[in-house]
Amino acid sequence: MRKTAPIPTALPLIIGIIAVSFSSIFVKWSSAPASIQGMYRLLFTALFMLPFIRPHLAELKSLPWKKVLMLSASGFFLALHFLLWMGSLKLTTVSSSTIILALEPVFIVIGAFFIYKERTSSFAMFGMGVAIIGAVLIGWGDIGVSRINLIGDLLSVFGTLAVSVHMLIGQKMVMQVSSFVYSFVVFLSATIVFAVYNLIGGISFTAYPGKDWWMFLLLAIVPTVFGHLLFNWLLQYVSASTISMSILGEPVGASILAFLLLNEQMTWFQIIGGMLAISGLVVFLNANRVKWKPRRKRTAEPLKSVS
C-alpha cells in the first residue's frame, strides 16, 4: 500500500510542471550536443545530491546486484530519453516536441498491459485514440514545414517511449528502495551511459562556451532537481500515470515560454493537433482515474491506471 504524503501532492506536482516547462528552453539556448547537455545535466544533479547521501550509505552498500541492474536499466532508458528528446529540439519546435512527449501516459498504460496484463476502459481507449490522432496531426503538419521537423517529431516519439520504460521500472523500484537512492543511482548510471556514448562518438567533454555551462547548470537545477527528482520522490505516494499527468501542463507552459523567449510561432496544425492530443489525454487519464482501486495485499505494486 502507498505511503501517505507529508504534504498535499498537488503542490510538488505544480512545482514540477513549472520546472520541466523550462527544460526545452534551456536546451534550445545551448549550442552543445544533446548527449553533452544530458550528461552534465545528470552529473551536476548527482553532485548536488552528494551532501545528503550519508544517511543512505548503508542502503547503497547493501543493494543486491539484481536491484542495481534494474536501477541501471532505468538510468539507461532515462539517458536514451534525454538523448532522443533533446535531439528532437534541435530539429523541431518546442510545441511539437513537448506535445508529443505528453503521450507518455498512453505508452505507460500500453506497457502496463503487456507487463502486468492490466486492462483499461473503452472510454479511456477513446481518449487514447484522440490523443494519438492529435500527435499524428502535428507530425503531418510538420511534413509541410520541412523533413527535418518531421525527423525531430519522430525523435520525440522514441524519446517518449524511452521515458515510459524508465517510469515503469521506477514505479516498481521505489517500492523496494528509498526515493533518494533510486534517484541517485539512476542519475549516476545515466551519466555513465552518456559518458560512454560521448567517448565512443569522439565528442568533446569541455570545448563549450560559458553560456553552455550555465545552461548545463540550469538544466540540473530547474527541470531535474525541481522536476524529475521531485517526481521520483512523488512515486512513493502516487502512481506513474499520475506523475505523467504533469506532462499535460508541460507543452502548454513550454509553448508559452517558447513564444516569449524564443519567438517561436505555432502553426494551425500544432494548435489543432495539440488541443486534440491534450483533450484526448484528459479523457484518457480521467477515465483511468475512475477505474483505479488499490489492492490491500501486494509485495511490489504493479502499475495501476492512476490514483
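This briefing describes the fold, the helix packing and selected residues of a predicted model. Local features are reported at pLDDT of at least 70 and side-chain atom pairs at pLDDT 80 or more, whereas totals for chains, interfaces and linings use all residues. Residues are numbered from 1 along each chain as its sequence is written, and side-chain values use heavy atoms, with hydrogens and water left out. The protein holds 14 helices and 0 strands, where helices (H or I, at least four residues) and strands (E, at least two) are DSSP runs numbered from the N terminus.

**Overall architecture**

- Of the 307 residues in the protein, 52% are buried; buried means under 20% relative accessible area, exposed over 50%, and partly exposed in between, with a 1.4 Å probe and protein chains only.
- Among contacts with a separation of 6 or more, 88% join residues 24 or more positions apart, a contact being heavy atoms within 4.5 Å.
- Helix 6 (residues 94-101) is largely enclosed by the rest of the structure, because 8 of its 8 residues are buried.
- The buried residues of helix 6 include Val 94, Thr 98, Ile 99 and Leu 101.

**Packing of helix 5 and helix 10**

- The axes of helix 5 (residues 65-89) and helix 10 come within 7 Å and cross at roughly 55°; axes are lines fitted to C-alpha atoms, for helices over the stretch in contact, and angles run from 0 to 180 degrees between N-to-C directions.
- Helix 5 and helix 10 are therefore oblique to each other, given that angles under 35 degrees count as roughly parallel, over 145 as roughly antiparallel, 65 to 115 as roughly perpendicular and the rest as oblique.
- Helix 5 passes helix 10 in a right-handed crossing; a crossing is right-handed if the near helix is turned clockwise from the far one by less than a right angle, and left-handed if anticlockwise.
- The residues of this contact between helix 5 and helix 10 divide into 14 nonpolar, 4 polar and no charged; Ala, Val, Leu, Ile, Met, Phe, Trp, Tyr, Cys and Pro count as nonpolar, Asp, Glu, Lys and Arg as charged, and the others, Gly among them, as polar.

**Packing of helix 3 and helix 10**

- Helix 3 (residues 34-49) packs against helix 10 at an angle of about 145°, with the axes 8 Å apart.
- The crossing of helix 3 and helix 10 is left-handed.
- The contact of helix 3 with helix 10 comprises 14 nonpolar, 6 polar and no charged residues.

**Phe 194**

- Phe 194 lies in helix 10 (residues 179-201) and counts as buried because its relative accessibility is 2%.
- Beyond residues up to four places away in sequence, Phe 194 touches Ser 35, Gly 38, Met 39, Leu 42, Ala 79, Phe 82 and Leu 83.
- The C-alpha atoms of Phe 194 and Ala 79 are 6.6 Å apart in space, although the two residues are 115 residues apart in sequence.

**Aromatic rings**

- The model contains 9 aromatic pairs; rings of Phe, Tyr and Trp (its six-membered ring) pair if their centres lie within 6.5 Å, and planes under 30 degrees apart count as stacked, over 60 as edge-to-face and the rest as tilted.
- One of the pairs, Tyr 208 with Phe 216, is edge-to-face, at 6.3 Å centre to centre and 80° between the planes.

**Asn 263**

- Asn 263 lies in the loop between helix 13 (249-262) and helix 14 (268-291).
- Asn 263 has a positive phi of about 60° although it is not a glycine.
- Most residues other than glycine have a negative phi.
- Asn 263 counts as exposed because its relative accessibility is 59%.
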